[in-house]
Protein chains: 2
Amino acid sequence: MIIVFTGNGKGKTTAALGQAIRALGQGKRVLTIQFVKGNWETGEGKFFSGFRIPDSRFKLIKAGKGFVKILGDKLPFFEHKKAGQKALKLARVAIESGKWDLIILDEINVAANLKLIKEKEALGIFKKLPKDRVLILTGRNAPKSFIKVADLATEMKEIKHPFQKGRPAQKGIEF
Amino acid sequence: MIIVFTGNGKGKTTAALGQAIRALGQGKRVLTIQFVKGNWETGEGKFFSGFRIPDSRFKLIKAGKGFVKILGDKLPFFEHKKAGQKALKLARVAIESGKWDLIILDEINVAANLKLIKEKEALGIFKKLPKDRVLILTGRNAPKSFIKVADLATEMKEIKHPFQKGRPAQKGIEF
């Protein structure tokens, strides 16, 4: 089963995180691979280490190199691309291993949209997902081809956002 | 800060759950009050009990009486209404107590839309939220007045859903 969380609104990564918790509660094993930003490094990271969730049940791989071309990013584009390729390779290995019940590819939609990874290559990897496993693809601007192969897709649409008012990111909310 | 997750798509409750995890990871205290359905009873419930998150850090109150008027619900409407009133009272006490950093009122949007609770009464309670605390309101059909007082609002819009194809709810995904 493939799930896509996309759109410009808040809640994509947190919805995936919620799915991870739900799956963990049902005794399932969850892997998250980050393709771009480091959202999962903070509150979530502290949570999983603080409450000692065993590594065999939950694993987080930070394969991304941070935001691309925004927020002062000065990393050459090919470095971001290299990181994206590496993340995709990890995703392929994880999907083929059959070790994980739920695999979250965080911000892979963005990585595909920014051409850090090849859409077609990603689609080929998604196809290898065993039918009883779940794959979640997050990030804004999901390629149409990702939505086409998905069983479930939600657009998180921004109605209102405090950044519009110039409010800074809040600890425990945005990170 | 008031956050609204609404819309007909998947991800509203799981996004709130993700926020809860993020907040818990940052050392904050989280209370969830369920107004309608029992979504949090299953995977999430097992997670929080299985990994021994202390009660002082995370508390879940199931104040709802299940789905209203769908999925074979035969409970008289006034019973649902009574449960809604009780949940709202608990919300008021929790907000006024200042004990919780994050309070999630799960499905309160639905409760307001179905007139289980009075919109105006709820708005009066939201107003009492201390500025450094966070309130999340989830559920489809959020009243416009809730979005108006919110700092952040996301519409989870369904693009694709497996129930459309007659697929049954899956353990670890829908519950």
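**Reading burial, contacts and helix packing**

Tutor: Phe146(A) is buried, because its relative accessible area is 0%. Buried means under 20% relative accessible area, partly exposed lies in between, and exposed means over 50% (1.4 Å probe, protein chains only). This is a predicted model, in which local features need pLDDT of at least 70 and side-chain atom pairs count only at pLDDT 80 or more, while totals for chains, interfaces and linings use all residues. Residues are numbered from 1 along each chain as its sequence is written, chains are lettered from A and ligands numbered from 1 in the order in which they are written, and side-chain values use heavy atoms, with hydrogens and water left out.

Student: In which helix is Phe146(A) found?

Tutor: Helices are DSSP runs of H or I with at least four residues, strands are E runs of at least two, and both are numbered from the N terminus. Phe146(A) belongs to helix α6 of chain A, residues 144-149.

Student: Which residues does Phe146(A) touch?

Tutor: Contact means heavy atoms within 4.5 Å. Leaving aside residues up to four places away in sequence, Phe146(A) touches several residues, among them Val4(A), Ile108(A), Leu123(A) and Phe126(A). Glu119(A) is also in contact with Phe146(A); the two are 27 residues apart in sequence, and their C-alpha atoms are 8.3 Å apart.

Student: Is Thr13(A) buried or exposed?

Tutor: Thr13(A) has 7% relative accessibility and therefore counts as buried. This residue lies in helix α1 of chain A, residues 12-25.

Student: Which side chain does a polar contact join to that of Thr13(A)?

Tutor: A polar contact is a pair of N or O atoms within 3.5 Å; within protein, one must be able to donate a hydrogen and the other to accept it, and residues adjacent in sequence count only if both atoms are side-chain atoms. Here the partner of Thr13(A) is Asp106(A), at 2.9 Å.

Student: At roughly what angle do the axes of α3 and α5 of chain A cross?

Tutor: Two packed helices are described by the angle and the distance between their axes. The axes of α3 (residues 77-97) and α5 (residues 119-126) of chain A cross at roughly 15° and come within 9 Å. α3(A) and α5(A) are therefore roughly parallel, a term for angles under 35 degrees, with over 145 being roughly antiparallel, 65 to 115 roughly perpendicular and the rest oblique.

Student: Which residues in α3(A) meet α5(A)?

Tutor: Gln85(A), Leu88(A), Ala91(A), Arg92(A) and Ile95(A) in α3(A) meet Glu121(A), Ala122(A) and Ile125(A) in α5(A).

Key: Axes fitted to C-alpha atoms, helices over the stretch in contact; angles between N-to-C directions.
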